[in-house]
Amino acid sequence: MFKFLLFFICLFSSQAYAQSQPKILASIAPIASLIQNITTQETEFLIKTDLHDYQLRPSDRKKIEEAEFFFYGSDNLEIFTKKIQSNKFALDDGKDNPHFWLSINKMIKAGYKIANILGEKYPKQADFYLNNAKKFDSKMSEFLSSHKDILRKDVPYFVFHDAYEPFEQDFGIRSVGCIKVTPHQQSSAKKTAELLKKMDQFPQFCLFIEPETAEKTIQTFIENRTVFITELDPLGTEIIPVNQSFYEKLLTKIFTQITSCFSKIQP
Ligand SMILES: [Zn+2]
């Protein structure tokens, strides 16, 4: 009888929780993963690839309107959010570099922000969200401190697209230069010449490109040089499923790829 009763209590409370679960949508997978860490509920996201080229489709607009909470990076990253009025919550100001999720420190802050926003509307669950934000904080802080000193600081490297500044700030490294400042701008002849001159200083270096990088756009920079090219995917498109551990897997993957490229460069 007791077991039977317990079963009903569990059934009832899980149903009550399901009913009070907020309807949340994220812009990108790393944010969806962060939300899942805070809420433990599955979270959908809009943009799978080509973040900077993303165009808001009517079906996506509908999804945003139907969500109680739409969490995104900033107006500098998801430009389309300027056209959206309600239920939107930016997690970063986007001023330094809009790819904020590549900074563990910034994601920890964003976790607390999500917990606060959700807790205000759902006060009964406020402590639960806050506790989860703390758990995420300690998990990722530990990740950062255990990885930070492993990365070599003496390796010259260039990036195709300057998405990694937030990551670099956390880990104390910085690229020598970047091929394209914004993905759509054609680099000027002057900028290209400057960059080639910088590259001339190094007998060998790493170059981090992205899944969308076309070979012809880097040809000028790699011919007749010893360049170790690694493709990094800041959105983690190939990492599935997008669950609570997704974010840590994404960081681990980027970290491992950078470390492996750095190991090819002679000190
Ligand atoms: Zn980008």
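**Entry 1**

I began at Ser-263, which lies in the segment after α9 (246-262), where helices (H or I, at least four residues) and strands (E, at least two) are DSSP runs numbered from the N terminus. I noted that this is a predicted model, in which local features need pLDDT of at least 70 and side-chain atom pairs count only at pLDDT 80 or more, while totals for chains, interfaces and linings use all residues. Residues are numbered from 1 along each chain as its sequence is written.

**Entry 1: the whole chain**

I recorded nine helices and eight strands for the protein, and a C-alpha trace that spans about 80 × 40 × 25 Å along its principal axes. Of the 267 residues, 30% are buried. Among contacts with a separation of 6 or more, 55% come from residues 24 or more positions apart; two residues are in contact if their C-beta atoms, placed from the backbone, lie within 7 Å.

**Entry 2: the two domains**

I found the protein divided into domain 1 (9-144) and domain 2 (149-262), with bounds that come from an automatic or database domain assignment. The centres of domain 1 and domain 2, taken over C-alpha atoms, are separated by 27 Å. How many residues of each domain are in contact with the other? I noted 26 residues of domain 1 in contact with 21 residues of domain 2.

On the side of domain 1 that touches domain 2, α2 (29-39), α4 (104-121) and α5 (126-147) each supply at least two residues, and α2 gives the most, with seven. By class, the residues of that side divide into 13 nonpolar, nine polar and four charged, where Ala, Val, Leu, Ile, Met, Phe, Trp, Tyr, Cys and Pro count as nonpolar, Asp, Glu, Lys and Arg as charged, and the others, Gly among them, as polar.

Axes here are lines fitted to C-alpha atoms, for helices over the stretch in contact, and angles run from 0 to 180 degrees between N-to-C directions. Angles under 35 degrees count as roughly parallel, over 145 as roughly antiparallel, 65 to 115 as roughly perpendicular and the rest as oblique.

For α2 and α4 I read an angle of about 55°, with the axes 10 Å apart, and the two are therefore oblique to each other. In this pair Leu-34, Ile-35, Asn-37, Ile-38 and Thr-39 of α2 meet residues of α4 that include Met-107, Gly-111 and Leu-118. The contact has eight nonpolar, three polar and no charged residues.

For α4 and α5 the angle is about 175° and the axes are 8 Å apart, so the helices are roughly antiparallel to each other. Among the residues that meet here are Ile-104, Met-107 and Tyr-112 in α4, and Tyr-129, Phe-136 and Leu-144 in α5. This contact divides into 14 nonpolar, four polar and one charged.

For α2 and α5 I noted an angle of about 125°, with the axes 7 Å apart, which makes α2 oblique to α5. Asn-37, Ile-38 and Thr-39 in α2 meet Tyr-129, Asn-132, Ala-133 and Phe-136 in α5, a contact of four nonpolar, three polar and no charged residues.

I turned to Glu-44, which lies in strand β2 (residues 44-47) and, because it has 13 C-beta neighbours inside 10 Å, counts as partly exposed. Leaving aside neighbours within four places in sequence, Glu-44 is in contact with Leu-25 and Ala-32. The C-alpha atoms of Glu-44 and Lys-63, 19 residues apart along the chain, are separated by 9.7 Å.

Last, I asked how many of the eight residues of helix α8 (residues 215-222) are buried. The number is zero, so helix α8 lies largely in the open.

Methods. Buried ≥ 20, exposed ≤ 12 C-beta atoms within 10 Å, placed from the backbone.
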